[in-house]
Amino acid sequence: MTSSYRRLDSSCSTVLLEVPGQEPPSGLPRILYWGASLAENEQPENLARALNRPALQGGLDDAVPLTLSPSLANGFPGQPALIGHRKGRDALPGFHEVDLIETGNSWKIEAKDAKAGLSLDIVISLTGDSNVLTMTTRLSNIGATDYDLQWCAAATLPVPASYQEILSFNGRWCGEFQTARRKVPMGTLMRENRRGRTSHDSFPAMILGTEGFDEVCGAVLGAHLAWSGNHRVLHERLPDGTRQLQMGELLLPGEVILAPGETYSSPEVCFSFSEEGLGGLSHNFHSFLRSEVLPEQTRSPRPVTLNTWEAVYFDHAPEKLARLADLAAQVGVERFVLDDGWFKDRNSERTALGDWVLDEQKYPQGLDPLIAQVEGLGMEFGLWVEPEMVSPDSDLFRAHPDWILHLEALQEPTGRYQHVLNLTKPEAANYLFDSLDTLLKRYPIRYLKWDMNRDLSHQADGRSFVTGQQTKALYALIDRLRARHPLVEIESCASGGGRADFGILRRTHRIWASDSNDAHDRQSIQQGFSLFFPPEIMGAHIGPMHCHTTGRRLDLDFRAITAFFGHFGLEADLTQLTADELDKVANYIALHKDCRPILHGGKVLRQVLEGGRVLVFGAISNDRTEAMVSYAVLEQTRDGLTAPLRLTGLRSGATYRVRAINRPRDPGRRMKNMPDALFNGELLMSGSALASAGLQIPVLDPDTALLLQVSIAATKKQ
Ligand code: DGJ
């Protein structure tokens, strides 16, 4: 059958769609090519001929294409993009009536099978500069009876055979965004998440790469599902070499039964690829988030934050908070956030969630004196809330025990001693909107830390699952609140990084990447986090010297350098710091403010050295004149001296001054002498020497880091 072709271009890539039949199309299209830009006069028919796959002996008589919705209906034996039925029928729709509408850099494919009573819309868009391809899918029941939908992939993408390795995510509470790398297996590598939130352990993303890919080399392809609920993420390799990536919302049994006329809309999948390794891929996703997803305010300088949690927990003594505010302002903090413990009877994690009124015993004169002090010191005020939750010991639960997510006749297990409110009940959602709206109207609150501290177990309203609806109701609640209070920024926190995804980021301004303020753990958490997210939305605080979640003791430089690159803040009890330590914190904050445009608008640089014993993290300004780089040693290195640190991405012909901001701790312990040039500002190197020869880093103790500042000193005359 003759096919027709459509083409989209970004600044560096081309997508070609092959559509069976001419006008009108007569079957579902397939992506024939997505890769580096093709010549303008490229003839897609020729490319199709060149890529034509022969049908293999022993298989079906015609090669089976991987369409946008692969299915047994056209002979595809792997994971179908659609699973559903109407009492055992209409499980294999043949979408032959197809329309393709092209608008700007998008296609909308409308496909229908009138007999099966189903219509399928797939929207594909390619962003101009960031090289991100997005896809969403909608399935409508145009039949006369209910349709039981079990899986509707948000996107299916063919994966070229050159990608031989796969990187997926795992993790846990206080250990998010860990990565695992392996050879692409035969069969399916599938990650499923049934936690009802994005999860700490299965960040919904996968990266594929050519053999041995690293931060700067190799071709890599990344995919992420922009969704904060259950999900399924899979890569499948079939014996004939066909490979596909599918991602979508994981639907629990009976969760989506489409009545006649109803439509299911999937979340969005964002794909990107780079021929410059993981660094290039991250840059694409960061640019995409910055230009297409994140709320406007994230483009203004991210205020250095003090969060009270690890300094006071539930013990909100006014004098202590006042002292913290004074010290915060003294060291340069710009936003003061009052964490959990401010509302009525909230003296431990066992009570009071749901009762969003001030604790008058702790705050007899309201929050006004504290806010007045904070604002008088030139800082913004922020407040912690956990709206989706209710404690069994709360007025709200006593009044409305039926407002929680629950399965009929079963006791819902509590998590952190709390239940989840059913936001799909309008009365519950309205109560939350009113409570938060009242607070935001009453006090000049500029920031909400929106927490969410448990997995959803009984994701149901009595007898049926409502997980996806709960996620959409959460989005609607936040959107409604933001429409009423557009200046208020919101942090997405879910016991740390349990709700980090592009879906929540369309409506929130930063993510609390982990409950671990332990800089040792944070190093790898932040490396994994930064694969998809830019540093300015990564909440990162200087925690206490004696880490509360691990018991490690870490020095101040290491803690400060680790937090320095993100949305910087403090969580240590400043009243316990010596005057010297406060000065040091103030210096790091001042330097952070100076470098903020580079850290939060530039290109991220990462390296994993010595098998992960050393992690390098940095940012290079877009004009490549400046960079900030941290070199963190997490474990004793194998060799006495590590290999010189090579920095790529700077201008090769320019001369840079390289300066270490801090000095190694007790250098005499490991070195008889230390090269001075790095510390006295006399080290000048060309961009090409930095990239090819590198820079010898002095020997550092485990759990210490060196912060390097690289600034252009001269450019070569042309
Ligand atoms: C979990 C958060 O991640 C912490 O930062 C803190 O806000 C606590 N909840 C408060 O209960």
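Contact here means heavy atoms within 4.5 Å. I511 sits in strand β31 (residues 510-512), and at 0% relative accessibility I511 counts as buried. Buried means under 20% relative accessible area, exposed means over 50%, and partly exposed is in between (1.4 Å probe, protein chains only).

Keep in mind that this is a predicted model, where local features need pLDDT of at least 70 and side-chain atom pairs count only at pLDDT 80 or more, while totals for chains, interfaces and linings use all residues. Residues are numbered from 1 along each chain as its sequence is written, and side-chain values use heavy atoms, with hydrogens and water left out.

**Nonpolar cores**

- W342 and F533 touch the most other members of the largest nonpolar core, which has 176 residues. A nonpolar core is a set of buried Ala, Val, Leu, Ile, Met, Phe, Trp, Tyr and Cys residues joined through side-chain atoms within 4.5 Å.
- The top contributor to this core is helix α12 (residues 579-601), with eight residues. Helices (H or I, at least four residues) and strands (E, at least two) are DSSP runs, numbered from the N terminus.
- Another core of 29 residues lies apart from that one, and its members include A654, V658, V699 and L700.
- Leaving out neighbours within four places in sequence, W342 is in contact with H316, W356, V357, L358, D359, Y363, L383, W384, V385 and L439.

**The ligand**

- What surrounds the ligand? There are 13 residues around it, and the closest are D339, D340, K449, D451 and D515. To count as near, a residue needs a heavy atom within 4 Å of the molecule or strand in question.
- The side chain of D340 has an N or O atom 2.6 Å from a ligand oxygen. For polar contacts, the cut-off is a pair of N or O atoms within 3.5 Å; within protein, one must be able to donate a hydrogen and the other to accept it, and residues adjacent in sequence count only if both atoms are side-chain atoms.
- W384 also has a side-chain N or O atom 3.1 Å from a ligand oxygen, and for G496 a polar backbone atom is 3.4 Å from a ligand oxygen.
- On its own the ligand exposes 290 Å², and the protein buries 97% of that. These areas come from the Shrake-Rupley method with a 1.4 Å probe; for residues, only the protein chains shown count as cover.

**Helix α11**

- Is helix α11 (residues 556-564) enclosed or open? Nine of its nine residues are buried, so α11 is largely enclosed by the rest of the structure.
- Those buried residues pack against α10 (519-529), β32 (538-542), β33 (567-570), α12, β36 (626-633) and β39 (704-714).
- At the start of α11, a side-chain oxygen of D555 comes within 3.4 Å of the backbone nitrogen of D557.

**Cysteines**

- How many disulfides does the search of the whole structure find? It finds zero. The cut-off for a disulfide is a pair of cysteine sulfur atoms within 2.5 Å.
- C270 is in no disulfide, and the nearest cysteine sulfur, that of C12, is 16 Å away.
- C270 is buried at 0% relative accessibility, and C595 is buried too, at 3%.

**Individual residues to look up**

- D201 is in the loop between β13 (187-193) and β14 (205-209), and counts as buried at 19% relative accessibility.
- The D201 side chain makes a polar contact with the side chain of R195 (2.9 Å). Setting aside residues up to four places away in sequence, D201 touches F169, N170, G171, R191 and R195.
- T471 lies in helix α8 (residues 467-484) and is buried at 4% relative accessibility. Beyond four places in sequence, T471 touches G196, W227, S228 and G229.
- N46, in helix α1 (residues 44-51), is partly exposed at 41%. N46 and D359 are 313 residues apart in sequence and 72 Å apart in space, C-alpha to C-alpha.

**Positive phi**

- D90 is not a glycine, yet has a positive phi of about 60°. D90 lies in the loop between β4 (82-85) and β5 (97-103) and is partly exposed at 22%.
- D703, also not a glycine, has a positive phi of about 60°. D703 is in the loop between α14 (687-692) and β39, and is buried at 15%.
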